[in-house]
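Subject: Structure handover

Hello,

Please find the structure below. My notes on it come after.

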Amino acid sequence: MTYTAVRSGFTGPSAHIGGSSDYHIDLKLNESLPIAQRVNALDALARQYKSIGREIEFSNQNVAGARWNPEAGLADKVDLLNRAAGAHAPRPGWQSVDFYVPFAGKSRFDPGAVEGASIYVPAVAGGKVRRGSGGDYGYFSEALSPSGEVLFRVGHGDVRRPEDSTEVAVAGGAVPPSKEEGAEGGAPGSKDFLEAAIGTILADAVAGGKLKPPGMPEVKKKDTDENGITRDELYKLQQIKNLQTREQERERIERQGLNQFLSAVDAAKTQMAKASALAQQSFRAPGTTV
């Protein structure tokens, strides 16, 4: 079975996600699925997050700081999943894990690394994703199989930023399975590299005080592009581009000023040499008659 990562909301502060820790995500995996399939589902999420420059970082005791690597061996991934679920409060019939999705190279504690991040749920082709909000789970989604069985749940999304539809059908084009299921891995494309670089620049700019951490403005319907990037996120990326342009211009002016200074020094040296030569020519030793 293969999975498609479907965006279903955004991380938010505790007051708007049903309580618990700010900006974290809670994922539940149906234990009726074979463990290898649960691993595949997390692989699909991790690859989707990687394409936008983010990584899955677990937060519960005993696994805090551990990150999901979809290219790791199956045994290692099974071990990490079981440890992460074991550190979570038990839910009969489900494996539950808590995690954050900081930018690559950042931790969940870095300013701007996890605020307002996209939340994804692993979905099955031919099934559907059903969404809602309320209670202590904030904005949440369920991924159903073609037969109607709930396979995954993800929650603690920001209730102020719901998706456009409360229910969506999942088409084909699923994320490839992990290598243990016979899929071939590949190097990230230029689009992946660009999005990862932009993600890192955004986190660096926030940490350096050049930008405020992204807030939680209400996003209107149809306020995202085909890649799921909101206008607010595009605006912040434009701010970063403007900062880079201004920094490059400042460096150019500094280089130009330095070159002008050095030219002036060279010119002064030349004038001094000429003056010295003239002084020597006009000098007459004592006793010389004119």
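The notes go from the whole chain to single residues.

This is a predicted model, in which local features need pLDDT of at least 70 and side-chain atom pairs count only at pLDDT 80 or more, while totals for chains, interfaces and linings use all residues. Residues are numbered from 1 along each chain as its sequence is written, and side-chain values use heavy atoms, with hydrogens and water left out.

Overall

The chain has 4 helices and 9 strands; these are DSSP runs numbered from the N terminus, with helices being H or I of at least four residues and strands E of at least two. Their order from the N terminus is β-β-α-β-α-β-β-β-β-β-β-α-α. Of the 290 residues, 41% count as buried (buried is under 20% relative accessible area, exposed over 50%, partly exposed in between, with a 1.4 Å probe and protein chains only). The accessible surface of the chain is about 15500 Å², and carbon and sulfur atoms hold 54% of that (Shrake-Rupley method, 1.4 Å probe; for residues, only the protein chains shown count as cover). Among contacts between residues at least 6 apart in sequence, 70% join residues at least 24 apart (contact means heavy atoms within 4.5 Å).

Core

In soluble globular proteins, nonpolar side chains tend to be buried together. The largest nonpolar core here has 38 residues, of which I56, F58, W68, V97 and F152 touch the most other members (such a core is a set of buried Ala, Val, Leu, Ile, Met, Phe, Trp, Tyr and Cys residues joined through side-chain atoms within 4.5 Å). Two or more residues each come from β1, β2 (25-30), α1, α2 (74-86), β4 (94-100), β5 and β8 (150-157). Helix α1 gives the largest share, 7 residues. Setting aside neighbours within four places in sequence, I56 has contacts that include L42, L45, A46, Y49, W68 and F99.

Rings

There are 5 aromatic pairs (rings of Phe, Tyr and Trp, the last by its six-membered ring, with centres within 6.5 Å; planes under 30 degrees apart are stacked, over 60 edge-to-face, the rest tilted). Y49 and Y120 have ring centres 5.2 Å apart and planes at 80°, so they are edge-to-face. Y49 sits in α1 (residues 35-51) and Y120 in β5 (residues 118-123), 71 residues apart in the chain. Y49 is buried at 0% relative accessibility, and Y120 is buried at 6%. Ring pairs also link F58, W68 and F99 into a cluster.

Charged side chains

R54 lies over the face of F103, 4.0 Å from the ring centre, and R161 lies over that of F10 at 3.8 Å (NZ of Lys or CZ of Arg within 6 Å of the ring centre and within 35 degrees of the ring normal). R7, in strand β1 (residues 4-10), is buried at 13% relative accessibility. The side chains of R7 and E163 are joined by a polar contact of 2.8 Å (a pair of N or O atoms within 3.5 Å; within protein, one must be able to donate a hydrogen and the other to accept it, and residues adjacent in sequence count only if both atoms are side-chain atoms).

Backbone

Most residues other than glycine have a negative phi. S20 has a positive phi, near 70°; S20 is in the loop between β1 and β2 and is partly exposed at 49% relative accessible area. N62 has a positive phi near 80°; N62 is in the loop between β3 (57-58) and α2 and is exposed at 66%.

Regards
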